[in-house]
Amino acid sequence: MSQLFTPVQIGRYTLPNRLVMAPMTRSRSDDDGVPSDLVVTYYAQRAGAGLIISEGVFPSAMGKGYVRTPGIATDAQVAVWKKVTEAVHAKGGRIFMQVMHCGRISHPSLLPNEAQPVAPSAIKPAGQTWTGSGMQAFVTPRALSLDEIAGVIDDYRMATRRALEAGFDGVELHAASGYLPEQFLSSASNQRQDQYGGSVENRARFVLEVLAAMVAEAGGDRVGIKISPEMNFNDIVDANPQETYSYLVEQLHGFNLAYLHVALFGAKVDYHALLRPRFNGAYLMGSGLDQQSAEAALANGRADATVFGGAFLANPDLPERFRQGSPLNTPDKNTFYSPGPQGYTDYPLLSGLSAN
Ligand SMILES: Cc1cc2nc3c(=O)[nH]c(=O)nc-3n(C[C@H](O)[C@H](O)[C@H](O)COP(=O)(O)O)c2cc1C
């Protein structure tokens, strides 16, 4: 029997199905981080998901890491997000905002007054980033002072408050993919000598303090966290990820979070088996799933809900396609981050019509 189309409790919400849309950066906002009206259409088209998790949204201008990504730091940004949440709700959907501070995975050309990106430690990540004027090498970031760390945590608090003001049903902390929270968590990018570095307890402190701030605003039942142990991306390396993530997840108990979202990319360890029993809320499994493997994960009790990225990007009516066993559109990588409606709001529905 299909489990995908049975209801599931995620925090304070009962989702009508277990198909969650993954957070996906789509770069359809302006240079001030204000989403375009296309963004409203895009999310409304996908309201059939049990839950939409928005693209990564920066909590402060210093958290931006990519061109044309959106923020939740100004009134103008909040105003368009309001339109997004209203459109999703009007179609019966639910949407959480993913709050994403990129830390050192940024570039001065993307930051206020050409600022140096910030990080736990002044360690330059290997690699390059797309800056709008071509690929450029990452720069050496500036280590945050203790006062500044408190300020960044407050930025997450304010982002949560503004997300709720904008009508989001909850927020997800992006603690994966080598961005600021994972830079604190991971031993290679965090060489601090103070209470935020060294032992696993200290490296996890930033993530836990950020979560505490988000939970203080929204309540644990409207907050989730995404992690990707061993994700080999953005030059993030931890010496002992099994220990780090076991510890982190055990510390989440007191928050009574809505969910833990784990996306694995070629990890050598079965972190779903390791982490799920350590968590006391809904468990969201992501990455590389298709209908069959999602059903199997649900049937085997390995997950409470399943997260789809590329498939939702290319199929606004993904739940309907799964219900009918219909073929899927293929995601077009060339238009993942390009401006405009092409490859964004024009993927065809089952009827053959564009979702527009
Ligand atoms: C275009 C694109 C943008 C993405 N942007 C984000 C992001 O902003 N935040 C995030 O946590 N993951 C991001 N991801 C990763 C997805 O959330 C998801 O983990 C990944 O696509 C694996 O799931 P899939 O195999 O179902 O696509 C992105 C993925 C894609 C394809």
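These legends describe close-up views of a predicted model.

View 1. The barrel holds 8 strands, in the order 3-4-5-10-11-12-13-14. Their pairing is parallel. From one strand to the next, the twist averages 25 degrees. Helix 2, residues 75–90, packs on the sheet. This helix touches strand 4 (51–57) and strand 5 (95–99). The direction of helix 2 makes about 145 degrees with that of strand 5.

**View 2. Strand 13 pairs with strand 14.** Strand 13 covers residues 282–286, and strand 14 covers residues 305–308. The two run parallel and are joined by 3 bridges. Met-285 stands opposite Thr-306, a residue of strand 14. Strands of a sheet pair through backbone hydrogen bonds.

**View 3. Backbone atoms lie within reach of ligand oxygens.** At Pro-23, a backbone N or O atom lies 2.7 Å from an oxygen atom of the ligand. For Gly-309, a polar backbone atom is 2.8 Å from a ligand oxygen. At Gly-56, the distance from a polar backbone atom to an oxygen atom of the ligand is 3.3 Å. On its own, the ligand has 610 Å² of accessible area, and the protein covers 83% of that.

**View 4. An annotated domain spans residues 3–329.** UniProt lists this range as "domain: NADH:flavin oxidoreductase/NADH oxidase N-terminal", in an unreviewed entry. Over residues 3–329, the chain is 33% helix and 17% strand. The end C-alpha atoms of this stretch are 23 Å apart.

Note on methods
Residues numbered from 1 in each chain as written. Predicted model: local features only at pLDDT ≥ 70, side-chain atom pairs only at ≥ 80, totals over all residues. Heavy atoms only, no water. Pairing = 2+ DSSP bridges. Helix = DSSP H or I, 4+ residues; strand = E, 2+ residues; numbered from the N terminus. Axes fitted to C-alpha atoms, helices over the stretch in contact; angles between N-to-C directions. Contact = heavy atoms within 4.5 Å. Polar contact = N/O pair within 3.5 Å; in protein donor to acceptor, adjacent residues only side chain to side chain. Areas by Shrake-Rupley, 256 points an atom, 1.4 Å probe, with all protein chains shown as cover. UniProt positions renumbered as here; feature names shortened; annotations may be inferred.
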